[in-house]
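Come along while I look a few things up.

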Amino acid sequence: MNVALGGTFDPVHDGHLALFARAFELGDVTVGLTSDELAPQTRHVDRYVRPFEERKRDLLNHLRPLAEEYGREFDIRELAEPTGIATEPGFDVLIVSPETKDGGARVNEIREERGLDPLDIEVVGHVAAEDGERISSTRIVRGEIDRHGNLTPERDGREATRPEDA
């Protein structure tokens with residue numbers, strides 16, 4: 001089975017790892033990683049997103065051991081539009097989180113318009129942080145939690161804008 005999922009993944013956290021694990025349980029995985037141009041458009045809050053190549057490097061470091069554990073292949077492709085790679089032929093399943101479920105429905109509308117079979121939409125629930133709220137990249141970037149959901153009140157977050165070059 002060929003599985004697709006997409007996101008900005010900045011930074012990768014335990015919620016993302018749950019998405020990836022479910023994807024690898026189902027088949028070989030293609031991850032769409034938002035382009036530098038698309039990434040800021042997909043954010044619900046204004047915050048700096050690291051460059052594509054940095055995010056891709058970190059993503060590779062997280063995906064390799066999972067792919068090996070599940071005996072699967074994977075690929076990372078650049079996403080230039082929100083519906084991304086999942087509207088292309090060759091995929092069977094789309095992994096989404098609860099907040100991107102509607103995007104999965106839109107992907108299937110586009111696939112139908114193109115004469116493609118719909119994808120099975122697999123919704124993977126949020127992973128809770130230590131305080132019971134969901135783990136999110138935004139909370140990590142703000143300095144509220146670490147990537148595992150542990151509270152980190154002493155940690156400073158990342159600025160909402162690109163850091164100045166030193």
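**Entry one: a helix**

How many residues does helix α3 have, and how far does α3 reach from its first C-alpha to its last? I looked up residues 101-113 in this predicted model. I found 13 residues and a reach of 19 Å, close to the 18 Å expected at 1.5 Å a residue.

Next I asked which residues of α3 are buried. My list reads Gly-104, Val-107, Asn-108, Ile-110 and Arg-111. They sit on the same side of α3, because they cover an arc of only 160 degrees around the axis. I then turned to the other side of α3, where Asp-102, Glu-112 and Glu-113 are exposed.

What do the buried residues of α3 pack against? I noted two strands here: β4, at 93-96, and β5, at 120-123.

I also looked just past the end of α3, and there Gly-115 takes a positive phi of about 80 degrees.

**Entry two: a loop**

I moved on to the loop between β1 (2-7) and α1 (14-26), where I found Pro-11. Is the peptide bond from Asp-10 to Pro-11 cis or trans? I wrote down cis, with omega near -5 degrees.

Phe-9 lies in the loop between β1 and α1 as well. Phe-9 is not a glycine, yet I read a positive phi of about 50 degrees for it. I marked both finds because most residues other than glycine have a negative phi, and most peptide bonds are trans.

Definitions and conventions:
Residues numbered from 1 in each chain as written. Predicted model: local features only at pLDDT ≥ 70, side-chain atom pairs only at ≥ 80, totals over all residues. Heavy atoms only, no water. Helix = DSSP H or I, 4+ residues; strand = E, 2+ residues; numbered from the N terminus. Expected span 1.5 Å × (residues − 1). Buried < 20%, exposed > 50% of the residue type's maximum accessible area, 1.4 Å probe, protein only. Arc of directions from axis to C-beta. Contact = heavy atoms within 4.5 Å.
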